[in-house]
Structure formats: structure tokens, C-alpha cells
Amino acid sequence: APKPGISTCGSSPGITMFDSKASVYFEFLGNQMAFVGVNFSPVTPSSAALVAAALEAKLRGKYQFSGREESLDMPGAYALHFTSTATIARLWVNIAAEPKIISFSIANPAGEAERKRQVAGRIESRERAAFGPVKNP
């Protein structure tokens, strides 16, 4: 049987957290929540480093830190990865950018694997539609 597709619904962007305007979005696979993302826009852009540090401290208190990944494409940007027995979490920070980017996501590992598979399938379908089928040499 085919697996259920991803459906996304967002919340009102009027939430305030960590001295930031936060917009939250949710993704579901079938009837189960598979992914939650929160984008933070610091009320005062100069406080972006403090917001990122506060979020990192909160995450380190709740989850096991599993690594830092520096962006190869955006100087100064990085992702912090966290795990627990039931979830994977990531904090993406790019405070060198304008506007400042601070984004937190949390997912069920099985749901995240399926979500990534479906997103890759959509990208492949768009590429096929735009450029035609891939010819193997």
C-alpha cells in the first residue's frame, strides 16, 4: 500500500518566545505528526546571538548534543544536532545573514526519514519534468 503523503499546516505567527517573534509549522505523515519547525525572528536584531545561545542552552539541557556542522555555503552559519530516545532535533543559526536566521526543528526519526524520502522524490519529479529523464551512460 502507498505511504501517506506529507501534509503541512502552520500556526499563527503571533507567538513570542525567547525574546523573538516565532512562527511554528507542523508536518504530518498520514494522521501522525512527523515534524515541528520554529523560525525565530529576534525582536532586537542585535540580540540574535543571545537568542541563539539561550536556545542552545535549553536544548543541551533536554537532549544529548550530537554535533556541530559548519555550513560550507554560508560563512558563519552552522547547525547544532541533538538526539533523545524518541526524537532528533536541530538548531540552524545564521546570524551573519540579514535577516538573522535562527530555526529549530524536531522530528520523529522514522517520520523524518520518510519525510526526506518524499521530499527527494518531489525534487526528482520536478527535475524530470523540467529536464527530461536521466540518461545513464
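# Close-up views of a predicted model

View 1. The model shown here, as in every view below, is a predicted one. When neighbours within four places in sequence are left aside, the residues in contact with Ala-86 are Ala-107, Asn-108 and Pro-109. Pro-109 stands 23 residues from Ala-86 along the chain, and the C-alpha atoms of these two residues are separated by 7.3 Å.

**View 2. The protein chain and the order of its elements.** The protein chain contains two helices and eight strands, which follow one another from the N terminus in the order β-β-β-β-α-β-β-β-β-α. Of the 137 residues in the chain, 33% are buried. The accessible surface of the protein chain amounts to about 8,800 Å², and carbon and sulfur atoms contribute 59% of that area.

**View 3. Helix 1 and its buried face.** Helix 1 covers residues 48-62, a run of 15 residues, and its span of 21 Å from first C-alpha to last is close to the 21 Å expected at 1.5 Å a residue. The residues of this helix that are buried are Ala-48, Val-51, Ala-52, Leu-55 and Leu-59. Because these buried residues fall within an arc of 95° when seen down the axis of helix 1, they line one face of the helix. The partners against which the buried residues of helix 1 pack are strand 3, strand 4, strand 6, strand 7 (88-94) and strand 8 (101-107). On the face turned away from the buried side, helix 1 carries Leu-50, Ala-57 and Gly-61, which are exposed.

**View 4. The aromatic pair of Tyr-25 and Phe-35.** Three aromatic pairs are present in the structure, and one of them is formed by Tyr-25 and Phe-35, whose rings are tilted, with 5.9 Å centre to centre and 35° between the planes. This pair links distant parts of the chain, since Tyr-25 belongs to strand 3 (residues 20-29) and Phe-35 to strand 4 (residues 32-42), 10 residues apart. Tyr-25 has a relative accessible area of 26% and is therefore partly exposed, whereas Phe-35, at 7% relative accessibility, counts as buried.

**View 5. The aromatic pair of Phe-65 and Phe-82.** The rings of Phe-65 and Phe-82 form an edge-to-face aromatic pair, with 5.5 Å centre to centre and 65° between the planes. Because Phe-65 lies in strand 5 (residues 64-70) and Phe-82 in strand 6 (residues 78-83), the pair ties together parts of the chain that are 17 residues apart in sequence. With a relative accessibility of 29%, Phe-65 counts as partly exposed, while Phe-82, at 1% relative accessibility, counts as buried.

**View 6. Charged side chains over aromatic rings.** Arg-60 lies over the face of Phe-65, at 3.9 Å from the ring centre, and Phe-65 is also a member of the edge-to-face pair with Phe-82.

Terms used:
Residues are numbered from 1 along each chain as its sequence is written. This is a predicted model: local features need pLDDT of at least 70, side-chain atom pairs count only at pLDDT 80 or more; totals for chains, interfaces and linings use all residues. Side-chain values use heavy atoms; hydrogens and water are left out. Rings of Phe, Tyr and Trp (its six-membered ring) pair if their centres lie within 6.5 Å; planes under 30 degrees apart count as stacked, over 60 as edge-to-face and the rest as tilted. Helices (H or I, at least four residues) and strands (E, at least two) are DSSP runs, numbered from the N terminus. Buried means under 20% relative accessible area, exposed over 50%, partly exposed in between (1.4 Å probe, protein chains only). A charge sits over a ring if NZ of Lys or CZ of Arg is within 6 Å of the ring centre and within 35 degrees of the ring normal. The expected span of a helix is 1.5 Å times one less than its number of residues. The arc is that of the directions from the helix axis to the C-beta atoms. Contact means heavy atoms within 4.5 Å. Accessible areas come from the Shrake-Rupley method with a 1.4 Å probe; for residues, only the protein chains shown count as cover.
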